[in-house]
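Subject: Structure handover

Dear colleague,

Here is the structure for your files. My notes on it follow below.

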Amino acid sequence: MKKHNFSAGPAILPDEVFKKASQAVLNFNNLNLSLLEISHRSKDFVEVMERARSLALEHLGLKGKGYHALYLQGGASMQFVMVAYNLLNNKATYLNTGTWSSNAIKEAKKFGDVAVVATSESNGFNFIPKGYAIPSDADYFHCTSNNTIYGTQMRQFPESPIPIVCDMSSDIFSRALDFSKFDLIYAGAQKNMGPAGTTLVIIKEELLGKVSRQIPSILDYSIHIKKDSMFNTPSVFAVYVSMLNLEWLKEQGGISAIEKKNDEKAELLYNEIDRNSIFEAYVPEKEDRSLMNVTFNIKNEQLKALFETEANAAGISGIKGHRSVGGYRASIYNAMPIESVKVLVDVMKHTEQKA
Ligand SMILES: *Cc1c(COP(=O)(O)O)cnc(C)c1O
């Protein structure tokens, strides 16, 4: 039987998506050729790229609003560099809510001044800072919507006098937001969108052309836009599977429908963590808790073995916390069925009874 996969990333995708993807590897579009052996310039693949780009904008409500969707390589980590390379002239502002924000800050500093408007580092990144001001003299404000490692998530986004850039790697397509508030959104596919190997970038064209430095072509957003995300060979498989997943999301009723399910799953799990006497949530403040990555600890270290044995026996996989935080992390992305969350909750109850 298939495991209940709570991995943080690469992560769960719907079974139907896996089935269609494996079929395309054998015989794509009845061409009697594999998806993996045809030209990325062929009509069949160009259609995949265009559909994947179009579906992303459609889901986010950004069609016809001056945005472009790109599928690039190098992961979200490459975006830490590309954002600064393309947008940072003098100064940028960053909100530091975890490891990924810190890495983005580190890269941006190589291109200019970086002001960190607020940080939650002193508390092990277990909350989302609020009430900071964004200076109007910076080129952009950068934030991370969901902190995959610590399990915090931004509910509100600040009013910003300057463009907002957001790393949405681990919660893109999971909840409804006014995405037109953002000027650039990026997301590594392997959390909530597809397999590892491609990164979605949603960008407003008017943001570009304002830095004075030379930009290498492969790192230049305007070149990727001009070439319709085909400047060089794209990750054909990752883009195809992302497209299948965005089609699946559409069949589910889109972001607002999946958001309801995501809310239910998170509520079920957090309620159990708060109720259960042997566990505690890593993030104390309810409004800062991530609906995608649920982090928690076991209070008594001696019960770890019991819990893990029970979890294993129930077919649960991937709940070990990130090595920098420890404890447990259950990632409950769009493709995670509530039935799997119920299995985890039952294991937690069972462990409490046996303890
Ligand atoms: C996983 C993750 C990253 C890093 O992604 P790579 O694709 O491995 O570079 C960056 N930001 C967030 C929020 C993530 O969850």
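What radius of gyration would a compact globule with 355 residues have, and what does the protein chain have? The compact globule would come near 20 Å and the protein chain has 21 Å, which agrees. The radius is taken over C-alpha atoms, and the globule rule is 2.2 Å times the number of residues to the power 0.38.

Please note that this is a predicted model, in which local features need pLDDT of at least 70 and side-chain atom pairs count only at pLDDT 80 or more, while totals for chains, interfaces and linings use all residues. Residues are numbered from 1 along each chain as its sequence is written, and side-chain values use heavy atoms, with hydrogens and water left out.

Overall picture

The protein chain holds 9 helices and 14 strands. These are DSSP runs numbered from the N terminus (helices: H or I, at least four residues; strands: E, at least two). Along the principal axes, the C-alpha atoms fill a box of roughly 65 × 55 × 30 Å.

Of the 355 residues, 55% are buried. Buried means under 20% relative accessible area, exposed means over 50%, and partly exposed is in between (1.4 Å probe, protein chains only). The chain exposes about 15200 Å², and carbon and sulfur atoms supply 50% of that area; the method is Shrake-Rupley with a 1.4 Å probe, and for residues only the protein chains shown count as cover.

Among contacts (heavy atoms within 4.5 Å) with a separation of 6 or more, 66% are between residues 24 or more positions apart.

There are 39 positive and 39 negative side chains, and the centres of the two sets lie 2 Å apart. Lys and Arg count as positive and Asp and Glu as negative, without His and the chain ends; each charge is placed at NZ of Lys, CZ of Arg, CG of Asp or CD of Glu.

Cysteines

How many disulfides does a search of the whole structure find? The search gives 0, where a disulfide is a pair of cysteine sulfur atoms within 2.5 Å. For cysteine 143, the closest cysteine sulfur is that of cysteine 166, at 3.9 Å, which is too far for a bond. Cysteine 143 is buried, at 0% relative accessible area, and cysteine 166 is also buried, at 0%.

The loop between S4 and S5

Tyrosine 132 sits in the loop that runs between strand S4 (113–119) and strand S5 (141–144). With 18% relative accessibility, tyrosine 132 counts as buried. Leaving aside residues up to four places away in sequence, tyrosine 132 touches Leu95, Val117, Ala118, Phe141, Met154 and Pro158.

Other sites to look at

Phenylalanine 173, in the loop between strand S8 (164–167) and strand S9 (184–188), has a positive phi near 65° and is buried at 1%.

Glycine 9 and proline 10 are joined by a cis peptide bond with omega about -5°. Proline 10 belongs to the loop between strand S1 (4–5) and helix H1 (15–26).

Glutamate 107 is placed in helix H4 (residues 99–108) and counts as buried at 18% relative accessibility. Beyond residues up to four places away in sequence, glutamate 107 touches Phe80 and Val81.

Regards
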